[in-house]
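Hi,

Here is the structure I promised to pass on.

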Amino acid sequence: MSETATPPREPEGLRTRRIWVVGTATVAITLALTGVAWLAVRLPVGSPGATSPSPLEHGLVERATGGAEARSAGALEL
């Protein structure tokens, strides 16, 4: 019987300190980015005293007529 060379084994123990550092850094970065996103949404654009509503709130939904205009235009074409 011939002996085959076995590759060296890696240590079985995981470095728990490195795992904790990476996990803590991931949580810290996630919290920081969430805070920045929250501030970007909550702070009004423009002067600090003026709190005008966003133009996104007055879009197509508020101007929608439920299809009445399209229905009347179709009826006129017929």
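**What I found**

Of the elements in the protein chain, H1 has the highest mean pLDDT (92) and helix H2 (residues 60-63) the lowest (65); pLDDT is the predictor's confidence in each residue, from 0 to 100. This is a predicted model, so local features need pLDDT of at least 70 and side-chain atom pairs count only at pLDDT 80 or more, while totals for chains, interfaces and linings use all residues. Residues are numbered from 1 along each chain as its sequence is written, and side-chain values use heavy atoms, without hydrogens and water.

The chain has three helices and zero strands (DSSP runs numbered from the N terminus: H or I, at least four residues, for helices; E, at least two, for strands). Buried residues make up 0% of the 78, buried being under 20% relative accessible area, exposed over 50% and partly exposed in between (1.4 Å probe, protein chains only).

Tryptophan 38 sits in helix H1 (residues 16-42) and is exposed, at 54% relative accessible area.

Cheers
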